[in-house]
Structures are given as C-alpha cells and as structure tokens.
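The following note is meant for a colleague who is opening this structure for the first time. Please read the numbered points with the sequence and the 3D view at hand.

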Amino acid sequence: MISPGAGFNLGGGARCLRGTHKILGPTSASALRKYLRLQLLCTIWSCLLVTGGAELTGLGPAPTEESLDQPSSPSDYYSQLVTLPSNVYGEVKKSGPLLAERYDENLFNHSVFRDWLLRKVVYREDVPGPAPMSYRCGVFINHNYKIIFIRNRKAASTTVLDIFKAACKSQNTMCMRPFSPEEMKKRGLKHDDMWRSYYVVSSTRNPWARAASGYDYTRDRWPVDAGMCGSVPFRQFCADPYLMGKMSNMFRCGAQGSFRGNDSWAYDFYHVEPAYHCMRDASGTGLSVDYLIRYEHLHEDLANLVDILNRRRDPSLPEIHGGRIRWRKQGVYVQEARSRTQGGMWREDAAALVSADRHAVRYRECGMDCVRDIAAFFAEDIRLMNMSVPALA
C-alpha cells in the first residue's frame with residue numbers, strides 16, 4: 001500500500017540536489033521555492049506523482065479495520081462513508097488551553113513545516129514523527145460574549161462565522177474578530193487565562209469528505225489548468241494530500257488565495273492538513289474546546305450552541321439569534337446541485353447530501369486504497385472524533 005506520506009520519488013536524481021542547501025542558505029518561503037524548482041533539473045513528472053516506494057509520515061497507524069475487502073455493495077458503502085459524522089459533538093470536556101504558539105502570529109514558527117518539507121521531499125531524509133502544522137490555527141474571538149471560535153478549513157467554518165457576521169452589522173457587540181495580540185495586551189489578557197474562561201467552539205467534518213472537498217477546493221481555484229498543473233488524479237492525492245501544496249509551489253499552479261506575502265506558499269497545504277492540532281490541549285491528549293459542531297448536523301448543533309451562549313451571556317448583552325443558515329464556499333458542484341433544486345429554500349443539510357453524491361463517486365472510482373490512505377493521513381482526527389473506518393457489509 002502506498003503510504004500517505006509518500007512524496008517525490010527522486011531516485012538517483014536526488015544526487016543532483018546534494019550541497020544546494022549550502023548555496024541557498026537558511027530555510028524561508030523563497031528558499032523553499034528555489035529548492036523545489038531545482039528539482040525540475042533532476043526529476044521528471046513521474047517523480048512527482050506517487051508511484052510506490054512508500055515512507056511513513058509518522059501520523060501513526062490507521063484506525064483498526066474489521067475487514068477491508070472490496071465491499072459487496074460499493075454504492076451504499078461509499079455514500080455512507082463520506083457522511084458519517086463525528087461521534088464527539090455538542091458540549092465536551094475542555095481539558096486545557098490550546099498552545100498559544102499554535103495561533104498567535106507572533107509565536108507561531110513558520111519555518112518548522114518548511115524545514116520538515118525540505119528534509120522530507122528534497123533531501124529524502126527519514127524524518128520521524130507527524131508532519132508539523134503548515135500554518136497557525138484560525139482563532140476568532142468575541143470578548144463581549146467571551147467566545148472563541150477555532151476555524152477548521154473545509155468544515156463549515158465560514159458558514160458559522162457568517163452567523164455572527166450578519167448579527168455584527170446591527171450589533172457591534174456580536175462581532176467575531178481574528179485573534180489579535182495587540183487586543184490581548186490592551187485588555188490585559190493572558191493567553192491561557194482567556195482560553196480557560198472563554199467558551200471555545202470549533203467544527204468537525206467527516207475526514208473522507210473533508211479530504212475530497214479539499215482536493216476539489218485547491219484544484220478548482222488554480223488559475224492554471226494545463227501542463228504540470230493539469231489534472232491531478234484523486235488516487236495520487238489520497239496517497240499524499242500534501243501533493244497539491246507541493247505542486248502549487250513547485251509549478252506555481254495556485255493563485256495564492258486569501259494568504260498574502262510570505263504566507264501564500266502555505267495555502268494549499270493548510271486546506272487539507274489534519275485539524276487535530278487546533279483542537280487538542282498542550283498535553284496532546286485532551287480537548288481544547290467546550291463545544292463541537294458537526295458539519296453533517298450543522299443546523300441542529302448550531303441551534304443548541306446558540307441556546308448555550310444565550311444562557312451564558314451577560315444579561316446586559318443582546319440575545320444571539322441563530323437565524324437562517326446560508327452555506328458559504330459551497331464549491332462549484334454544490335452550487336450546480338443547488339441550481340437544480342426545485343422549490344423551497346436550500347436545505348441546511350444540502351452540503352452533506354452533495355458530499356454523498358460527489359465525494360462518494362470519487363472514492364467509488366478510486367477504491368479501498370484511497371479509503372485506507374485518507375484514514376491513515378487523518379488518523380489523529382479520526383481518533384479525536386472517536387470514529388473508525390466503517391466495517392463492510
């Protein structure tokens with residue numbers, strides 16, 4: 001089986017890169033691009049696509065599988081696979097704060113992931129342990145209601161934030177704003193003290209659907225759709241979800257998205273990487289959140305959350321109203337399905353239903369190898385959500 005961490009299969013071409021680190025100097029975003037471009041002189045397209053010779057990322061073994069032979073009813077199996085929700089949801093026990101180094105821009109070390117990538121991909125070193133974070137956790141805060149929201153990509157985070165954004169237009173006290181070190185200093189707050197006293201919320205999504213959604217999202221936004229930036233087989237992506245980020249940097253396929261300057265290189269890595277980094281406490285064993293929203297049950301879980309927040313709020317503050325949920329960043333396939341929906345409003349569970357259609361097709365065509373590889377890549381997320389690879393009928 002091809003491991004989820006397999007990357008460039010340089011073979012003898014790796015010899016071309018020896019000593020280049022002495023020329024390029026310290027690791028940086030620009031150095032990363034220089035290293036990757038040097039590979040064009042030493043390797044061909046087949047070296048980029050994962051074809052075998054597996055190596056482990058260190059994310060740990062995949063969750064236990066009762067049986068993973070080819071399913072007797074693949075249509076039902078794959079449709080159910082991509083819509084399974086997290087078994088950990090609603091109010092949960094917050095064991096401790098999230099490390100400030102994971103979300104404070106002044107403390108987050110961007111070079112750790114770049115160094116890992118260079119050693120793993122360019123030098124072909126056997127790097128132990130899991131892949132580090134490519135980008136800091138997206139933390140949004142409302143200091144009036146004492147709410148923290150951790151934004152996990154491709155897990156309805158924009159939709160959740162939009163509820164507060166809509167309320168913010170009429171009530172400034174309801175605005176959720178990105179974490180600001182300056183605001184913390186102004187309020188005399190310390191990271192861990194704030195985390196312990198505020199109500200921390202995040203969202204989860206089925207890892208197989210999230211992976212396929214990340215694949216579609218990164219691929220759809222590339223402005224270049226030819227040559228090296230042409231179609232990337234889903235099978236290759238499953239074997240190495242970081243492939244999109246590697247290609248985006250190496251061949252300049254990406255459009256940089258919403259990240260600017262020195263952060264733009266991380267965009268296509270960030271949208272597919274595991275989310276557990278941003279939901280575990282400093283010990284790595286407990287949760288750093290009070291409440292988890294399931295993507296697959298967004299309407300239900302958000303309604304319960306609003307009730308909790310209203311019970312916790314200062315009586316002098318306005319009541320929070322959930323209002324109508326409007327799915328955001330739906331992707332071209334969801335938008336197309338929405339345009340064909342007859343009558344009534346677009347149902348709040350529509351995105352999950354489209355996942356069962358669009359994403360299930362990808363896994364059905366790719367087969368159980370893709371299911372296993374994604375389970376291995378998101379092994380820690382699956383453990384956090386108390387999920388497992390579903391047994392076959």
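This is a predicted model: local features need pLDDT of at least 70, side-chain atom pairs count only at pLDDT 80 or more; totals for chains, interfaces and linings use all residues.

1. Strands of a sheet pair through backbone hydrogen bonds, either parallel or antiparallel.

2. The hairpin formed by β2 and β3 has 4 residues between its strands. Among the residues of this loop, which runs between β2 (138-142) and β3 (147-151), is Lys-146. Its phi is positive, near 55°, in a residue other than glycine. Lys-146 counts as partly exposed because its relative accessibility is 40%.

3. Strand β2 also pairs with β4; these two run antiparallel and are joined by 2 bridges. Here the bridge partner of Phe-140 is Pro-178 in β4.

4. Is β2 enclosed or open to the outside? The strand is largely enclosed by the rest of the structure, because 5 of its 5 residues are buried. In a regular strand the side chains alternate between the two faces of the sheet. In β2, Gly-138, Phe-140 and Asn-142 point one way, while Val-139 and Ile-141 point the other way, and all are buried.

5. These pairings belong to an open sheet of 6 strands with mixed pairing, in the order β1-β6-β5-β3-β2-β4. Its edge strands are β1 (90-91) and β4 (177-178), each of which pairs on one side only. Strand β1 pairs with β6 (residues 291-294) in the antiparallel sense, over 2 bridges. Within this pairing, Glu-91 stands opposite Tyr-291 of β6.

6. A positive phi is also found at Ala-156, about 65°, although this residue is not a glycine. Ala-156 lies in the loop between β3 and α6 (157-168). With a relative accessibility of 10%, which is under the 20% limit, Ala-156 counts as buried.

7. Aromatic contacts deserve a separate look. How many aromatic pairs does a search of the whole structure find? The search gives 18. Ring pairs also link a cluster made up of Phe-113, Trp-116, Tyr-242, Trp-265, Phe-269, Phe-377 and Phe-378.

8. Charged groups placed over rings form a further topic. The charged end of Arg-294 sits over the ring of Tyr-89, at 3.5 Å from the ring centre. The charged end of Arg-362 sits over the ring of Phe-234, at 5.8 Å from the ring centre.

9. Rolling a probe the size of a water molecule over the atoms shows where empty space is left. The model has 8 cavities of 30 Å³ or more, and the second largest cavity holds about 90 Å³ of space.

10. Which residues lie nearest the centre of the second largest cavity? They are Thr-204, Arg-205, Arg-210, Ala-275 and Asp-381, out of a lining of 14 residues. By class, this lining has 7 nonpolar, 3 polar and 4 charged residues. At least two lining residues come from each of β5 (199-204), α9 (207-220) and α17 (379-384).

Note on methods
Residues are numbered from 1 along each chain as its sequence is written. Side-chain values use heavy atoms; hydrogens and water are left out. Buried means under 20% relative accessible area, exposed over 50%, partly exposed in between (1.4 Å probe, protein chains only). Rings of Phe, Tyr and Trp (its six-membered ring) pair if their centres lie within 6.5 Å; planes under 30 degrees apart count as stacked, over 60 as edge-to-face and the rest as tilted. A charge sits over a ring if NZ of Lys or CZ of Arg is within 6 Å of the ring centre and within 35 degrees of the ring normal. On a 1 Å grid over the protein atoms alone, a cavity is a set of points where a 1.4 Å probe fits but cannot get out, and a pocket is an open set with protein on both sides within 12 Å along at least five of seven lines; lining residues have an atom within 4 Å of a point. Grid points are joined across faces, edges and corners, and a volume is the space filled by probe spheres set on the points. Ala, Val, Leu, Ile, Met, Phe, Trp, Tyr, Cys and Pro count as nonpolar, Asp, Glu, Lys and Arg as charged, and the others, Gly among them, as polar. Two strands pair if DSSP finds at least two bridges between them.
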